[in-house]
Amino acid sequence: MLKTICTSLLSLALLVAATGCVQTVKGTAHPALREHGTISRLAVAPFTLSERLVGAKTGELETAVAAELLANRFSEAIAARGVHVIAPSDVAIALEAAGVAGSRVLARQVAMVAAEKFGAEAVLVGRLTRLVAREGSAAGVTRAATVGFAVDLYAAPGGARLWTGNFDETQRPLSDNVLDASRYPGGGSRWLTAEELLSWGALEVSNAMPVGSNVGY
């Protein structure tokens, strides 16, 4: 009888904990993805900033620097999966040479340049949407770091949108939900900087992307 009660309580605790879990990456596969072949050669375009982040100060990491770091983290994470990646710096040079550089460049323009210049099968376009620095230290904070970004994967050279990924995260304390907080680097035992949260987010979203052997549908 006692064993039955304990088992029920344990099951209930696990159910409550699981219910409180948060989805780290929100990914959406678009219809064109089904018609597209395996992506083994990908160009990563320089990431842009949402309007409210242009020129913003975070106290820890400049927004423009954060966007550059984020694009580079994506390049590294995707390359680690065996995909040939054209780095954002190389894509930027090609776009400028083609006369299509700037914040209002259309994705299909980027896709066309990436295909013609590098033979890319797809291009990744990203935008940093939130960046709030941690106030405090790894041991304790008065405000946790918050980051948000969105990425879109487009077919090259056609420019059809294949997949969208969103990441928006404010680190939650271990005391809120052990299973949820354990997702973070360090298992939730320390407070992350905004840069660390960005790097983790890039890795999580990259692993969810339908590139290489992960077709995503």
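Seven salt bridges turn up in the structure, a salt bridge being a side-chain nitrogen of Lys or Arg within 4 Å of a carboxyl oxygen of Asp or Glu. The model is a predicted one, so local features need pLDDT of at least 70, side-chain atom pairs count only at pLDDT 80 or more, and totals for chains, interfaces and linings use all residues. Residues are numbered from 1 along each chain as its sequence is written, and side-chain values use heavy atoms, with hydrogens and water left out.

One of the pairs is D168 with R130, whose side chains meet at 2.4 Å, N to O. D168 sits in strand β9 (residues 161-170) and R130 in strand β5 (residues 122-132), so this bridge ties together parts that are 38 residues apart in sequence. Strands here are DSSP runs of E, at least two residues long, numbered from the N terminus. As for solvent, D168 is partly exposed at a relative accessible area of 45%, and R130 is likewise partly exposed at 29%. The labels work like this: buried is under 20% relative accessible area, exposed is over 50%, and partly exposed is in between, with a 1.4 Å probe and protein chains only.

Next comes D152 with R161, bridged at 3.5 Å, N to O. Here D152 is buried, at 14% relative accessible area, while R161 is partly exposed at 41%.

E196 and R190 make another salt bridge, at 3.1 Å, N to O. E196 has 30% relative accessibility and counts as partly exposed; R190, also at 30%, is partly exposed too.

Finally, there is a network: salt bridges link R73, E76 and E195.

Technical notes. Helices (H or I, at least four residues) and strands (E, at least two) are DSSP runs, numbered from the N terminus.
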